[in-house]
Amino acid sequence: MRSVLSIDGGGIRGIIPALVLNYLEEQSKKPISELFDLCVGTSSGGIIALGLAQADESGKPKYTAHDLSDFFEKSGAKIFQRTVWRNIRSAGGVLDERYSARPLEAALRKYYSDTPLGNTLGSTMVTSYDIEERRTLFLKSWHPDHETVLCRDAARATSAAPTYFEPAYIDVQGNQRALIDGGVFVNSPVVSSYAEALKLFPGEPLTVVSLGTGELIRRIPYESAKDWGQAGWVMPLIDCMLDGASKVANHQMRMFLGDRYFRLQVTLDEANDDMDDASESNMQNLKRIAARMIEENRSTLDKILSVVT
């Protein structure tokens with residue numbers, strides 16, 4: 001039985017799946033790279049997948065899932081720091097990206113250094129979209145054309161969310177590619193991860209685990225939306241696209257795999273669902289939601305552990 005891990009995007013809410021993975025590591029006494037044969041992530045999920053695939057000098061995992069939860073908690077406020085001048089210049093993200101990419105790039109450089117995708121543990125894939133060539137790009141650790149791509153560049157590309165950060169301009173086999181967050185077409189990469197696993201492990205039975213970053217519950221009132229133009233619809237439309245795509249992917253996977261598919265998701269009823277709210281109070285709320293998600297899904301997590309260990 002081959003096991004596949006898929007992690008949704010969600011900005012700062014990536015701390016939720018990171019803490020769920022921490023639970024799996026603590027209970028199994030094994031790193032995620034040993035529990036899953038393929039790890040796939042979009043945006044913050046891609047940052048987690050790449051982080052858990054980093055190896056130290058002895059070839060063992062460099063980071064635990066807890067270390068990745070610390071990434072969001074300790075680096076989030078710097079990454080999503082909006083200055084007054086930038087807010088004025090960007091008109092709140094309408095005329096320019098909301099945030100400078102420099103703090104994000106500094107955090108990624110600290111965690112990933114100069115490690116190329118080809119030197120990571122196991123099989124890892126992150127999603128992105130090439131805005132110049134107008135096509136999807138799945139950066140794969142095992143792909144000959146992607147082996148030399150730096151992990152920090154892959155993480156920067158998959159997390160380059162439109163309106164939040166400028167596109168990533170990275171080297172892929174000697175060519176400069178202008179890439180944005182894969183969440184624009186597949187915020188939940190679970191179907192793509194399943195398709196990739198079918199190619200990597202032909203004829204072998206598969207178990208797929210998909211981790212969400214919190215389900216949106218904030219209503220969009222008709223009376224407000226009916227008068228919106230392009231500017232008014234930008235952020236709500238992105239939220240609708242990400243949320244809707246994740247729900248469709250979940251439905252499809254249940255049809256494909258039945259009880260060999262596990263989806264863990266939680267409602268964001270105790271925290272701000274904004275992807276960039278890295279305030280101390282919201283981080284604590286997200287951690288409480290993660291703890292609730294673990295408690296409410298303990299039997300499912302036990303089933304997952306029985307399959308992957």
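Colleagues, the model is predicted: local features need pLDDT of at least 70, side-chain atom pairs count only at pLDDT 80 or more, and totals for chains, interfaces and linings use all residues. Residues are numbered from 1 along each chain as its sequence is written, and side-chain values use heavy atoms, with hydrogens and water left out.

I begin with the whole chain. The protein chain contains 13 helices and eight strands; helices (H or I, at least four residues) and strands (E, at least two) are DSSP runs, numbered from the N terminus. Its C-alpha atoms fill a box of roughly 50 × 45 × 35 Å along the principal axes. Of the 309 residues, 54% count as buried, where buried means under 20% relative accessible area, exposed over 50%, and partly exposed in between (1.4 Å probe, protein chains only). Among contacts with a separation of 6 or more, 74% join residues 24 or more positions apart; contact means heavy atoms within 4.5 Å.

I turn now to helix α6, residues 102–112. Which residues of α6 are buried? They are Leu104, Ala107, Leu108, Tyr111 and Tyr112. These residues lie on the same side of α6 because they cover an arc of only 110° around the axis, the arc being that of the directions from the helix axis to the C-beta atoms. Their cover includes α3 (44–52), α4 (65–79) and α7 (151–158). On the face turned away from the buried side, α6 carries the exposed residues Arg102 and Lys110.

Next, Ser246 lies in helix α11, residues 230–257. Ser246 counts as buried because its relative accessibility is 7%. Leaving aside residues up to four places away in sequence, Ser246 touches Asp8, Asn187, Ser188 and Arg263.

Finally, the backbone. Most residues other than glycine have a negative phi. Ser113, which follows α6, has a positive phi near 50°. Arg134, although not a glycine, has a positive phi of about 55°. Arg134 is in the loop between β3 (123–130) and β4 (135–140), and it counts as exposed because its relative accessibility is 61%. Thr163, also not a glycine, has a positive phi of about 80° and is found in the loop between α7 and β5 (168–172).
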